Amino acid sequence: MSTAVRVGLRACGVTALALALAAQGLLAQWRSEVVAEGRLFGPAYETALILDAEFQHSWDRGRQVLRVAPYVRWDPSGERNRIDFVELSWAHQWERWELRAGLWEVFWGVSESRHLVDVINQRDLVVGGQGYLKMGQPMLALATVQSWGTVELMLMPWFRERRFDGRAGQLWSPIPVDATQPVYESGAGNTRLDWAIRWSHRVGDWDFGLSHFSGTRREPGFLPGEDGSGRAVLVPYYDVVDQTGVDVQWTRGNWLWKLEAVTLNPTNGRYLAAAGGLEYAFADYISVFAEYLFDSRGDAATNSFADDLFVGARLMLQDGQLQGGAFVDRETWNSVLRLALTWRLGSSATLAVEAGAFLGDESLEPALASRQHDYLSLAVTRYF
Amino acid sequence: MVLRTRDGRERTREMRVSGLAMNGDGDRTLIVFENPRDLEGTALLTFSHPEESDDQWLYLPSLKRVKRIAAGNRAGSFMGSEFAYEDIGSQEVDKFTYRYVGDETLDGEEAFVVERRPVDSSSGYSRQTVWVDQEEYRPLRIDYYDKDGEVLKTLRFTGYRRITGTYWRAGQMTMTNHKTGRTTTLTWSDYTFDTGLAERNFSPNGLARAR
């Protein structure tokens with residue numbers, strides 16, 4: 001493709017043929033998938049058609065990279081529609097430095113059960129099934145790779161709000177969430193300049209990371225309010241926090257030991273949360289994990305990970321993957337189970353089945369209505 | 001890579017493999033999957049070490065996550081194929097002890113027959129017999145013996161070509177498992193050398209860009 005472009009430019013008079021060739025080449029750099037999805041979530045039934053695409057182009061001997069990854073979700077009910085970019089970024093690399101601008105997705109941390117350290121992106125819980133999808137975070141980042149580790153510095157000028165449309169708005173709590181009138185602790189609202197820094201390094205069998213985030217917290221709290229027609233609603237409240245996190249993994253033979261922990265200072269008081277444990281790989285196709293989850297807020301935690309055990313297993317098959325896990329509250333023995341199977345259909349399609357179930361006494365954890373619905377989803381993905 | 005079961009069912013995997021020879025350490029290998037499409041962009045980076053166990057990282061594009069994985073299982077199957085990780089990893093000289101067995105003619109070629117025993121006790125084999133042609137020292141065949149001393153697998157190298165006039169590389173490598181009847185054929189194409197790849201192209205940090 002680059003040849004076609006170069007030829008076109010050199011000839012100055014860009015001919016229709018060269019353009020057509022260039023367009024064809026550019027088209028070939030797109031990777032896309034179309035997903036048809038159906039879900040049973042508690043009493044609700046949802047269907048959706050999703051287009052997930054990615055385009056990458058590099059030039060300047062691979063030193064500059066442009067990436068575009070749109071995400072389009074269409075739901076026949078009219079709710080939960082999305083037109084978004086998971087990534088829209090430009091990066092310039094030098095020998096030991098990289099500058100990157102735009103919006104994209106970041107992953108930090110090591111644990112399987114809960115991603116505490118991973119705080120850069122807003123999470124979309126509405127479209128992510130039992131988990132979540134990340135929303136691209138607008139930022140400017142500078143990274144350097146040195147003999148003493150990798151350092152990343154990020155400036156985030158624009159905050160993205162969590163979505164509560166459709167299902168989540170109704171099922172999150174008995175009182176509906178009105179996301180149209182969010183309250184910010186920062187006077188700058190969603191344009192506060194947030195920042196984060198991370199140092200990560202590898203020494204022998206050890207991998208560790210130390211990170212700090214200072215900005216508007218991605219996970220909101222809720223305040224009582226009223227909507228336009230005087231109905232009682234909950235409005236999202238976004239406070240400003242300083243969060244320091246650490247993540248460590250020790251890889252030894254078939255054993256992987258993992259720990260991640262964070263401490264942060266929201267409006268209602270500093271707390272500590274951690275998740276850690278071990279994974280054992282019997283062979284490269286089967287591994288089991290066990291982790292313990294801790295939250296110093298105890299029962300006041302905004303999720304049920306205060307004192308939980310997580311056990312799970314992953315099995316890679318010739319034509320797919322099977323993964324299962326269970327969170328078990330150590331006090332109430334309430335459990336959340338999840339089983340996910342991905343099965344390959346030929347070389348360009350997959351079938352995915354995911355089931356989730358809540359076992360136990362709901363009245364023991366009233367704050368967790370959203371996780372107490374049984375769940376079943378079926379998705380067919382076609383790759384283009 | 002074509003995986004074939006005893007009853008003839010085939011599965012195909014396509015990947016791009018890059019390697020970097022290191023001074024004073026084992027090779028670095030990067031495998032990026034292209035097909036089947038649900039694995040596209042998944043990347044496996046291996047730092048092999050002559051004496052200690054290797055280091056390995058897996059990049060999962062759907063999660064944008066680089067995971068360091070357990071590399072302790074050298075005897076494990078590579079992607080469900082008949083190749084174990086230790087069969088496809090770099091064949092460091094120090095990983096074996098050797099014994100010259102004799103000369104033999106194999107498919108019309110004069111070959112040295114060498115028996116080698118893995119140094120690392122985590123290897124899945126008790127010993128291997130290697131046939132190397134006498135003119136260019138290219139491996140032609142390897143028999144792998146399990147821990148009970150029985151022949152488990154045979155690897156055949158065919159279609160040797162001289163790339164850029166210097167390096168001999170097999171066009172096809174076929175591994176037959178005598179116990180299960182399954183075979184795996186690795187077909188290599190588009191070899192390039194001196195590509196300008198450097199250490200930074202083989203770093204866990206860079207895996208996300210390996211596409």
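Predicted model: local features only at pLDDT ≥ 70, side-chain atom pairs only at ≥ 80, totals over all residues.
Visitor: How does the predictor score the complex, in ipTM and pTM?
Guide: The complex gets an ipTM of 0.82 and a pTM of 0.86.

Visitor: And what pLDDT does chain B average?
Guide: Chain B averages 88. There, 96% of the residues score at least 70.

Visitor: OK, the chains. How many helices and strands does chain A have?
Guide: Chain A has three helices and 23 strands.

Visitor: What does the C-alpha trace of chain B span?
Guide: About 50 × 40 × 35 Å along its principal axes.

Visitor: What percentage of each chain counts as buried?
Guide: In chain A, 28% of the 384 residues count as buried. In chain B, 30% of the 211 residues do.

Visitor: Where do the chains meet? How many residues are in contact?
Guide: On chain A, 23 residues are in contact with 20 residues of chain B. Three elements of chain A give two or more residues each to that side: β15 (240-252), β16 (255-264) and β17 (271-283).

Visitor: What classes of residue are on that side of chain A?
Guide: Eight are nonpolar, ten are polar and five are charged.

Visitor: Let's do strands. What does β4 of chain A pair with?
Guide: Strand β4 (residues 82-93) of chain A runs antiparallel to β5 (residues 97-104) of chain A, and six bridges join them. The two form a hairpin with three residues between the strands. A:W90 stands opposite A:A101 in β5(A).

Visitor: Which other strand is joined to β5(A)?
Guide: Eight bridges join β5(A) to β8 (residues 137-146) of chain A, again antiparallel. There, A:L103 stands opposite A:P138.

Visitor: What about β19 of chain A? How many bridges join it to β20?
Guide: Ten bridges join β19 (residues 307-317) to β20 (residues 320-329) of chain A, and they run antiparallel. This hairpin has two residues between the strands. A:L317 stands opposite A:G320 in β20(A).

Visitor: And how many bridges pair β20(A) with β21?
Guide: Nine, in the antiparallel sense, with β21 of chain A covering residues 335-345. A:L322 stands opposite A:L341 in β21(A). The hairpin of β20(A) and β21(A) has five residues between the strands, and A:W333 takes a positive phi near 60° there.

Visitor: Over to chain B. What's the strand order in its open sheet of five strands?
Guide: The order is β3-β4-β5-β6-β7 of chain B, with antiparallel pairing. The edge strands are β3 (14-20) and β7 (65-69), and each pairs on one side only. The twist averages 15° from one strand to the next.

Visitor: Zoom in on β5 and β6 of chain B. How many bridges join them?
Guide: Five bridges join β5 (residues 43-47) to β6 (residues 55-60) of chain B. B:F47 has B:D55 as its bridge partner in β6(B).

Visitor: Now single residues. Is A:R163 buried or exposed?
Guide: A:R163 is buried, because 20 other C-beta atoms lie within 10 Å and the cut-off is 20 or more. A:R163 is found in the loop between β9 (149-156) and α3 (167-171) of chain A.

Visitor: What does A:R163 touch?
Guide: Not counting residues up to four places away in sequence, A:R163 touches A:D124, A:V126 and A:A179. The C-alpha atoms of A:R163 and A:R80 are separated by 8.9 Å, though these residues are 83 apart along the chain.

Visitor: Where is B:R141?
Guide: B:R141 lies in strand β11 (residues 139-145) of chain B.

Visitor: Why does B:R141 count as partly exposed?
Guide: Because B:R141 has 18 C-beta neighbours inside 10 Å. Leaving aside neighbours within four places in sequence, the contacts of B:R141 include B:L106, B:W131 and B:T154. B:R141 and B:R162 are 21 residues apart in sequence and 18 Å apart in space, C-alpha to C-alpha.

Notes. Residues numbered from 1 in each chain as written. Chains lettered and ligands numbered in written order. Contact = placed C-beta atoms within 7 Å. Helix = DSSP H or I, 4+ residues; strand = E, 2+ residues; numbered from the N terminus. Nonpolar A, V, L, I, M, F, W, Y, C, P; charged D, E, K, R; others polar. Pairing = 2+ DSSP bridges. Axes fitted to C-alpha atoms, helices over the stretch in contact; angles between N-to-C directions. Buried ≥ 20, exposed ≤ 12 C-beta atoms within 10 Å, placed from the backbone. pLDDT = per-residue confidence, 0-100.
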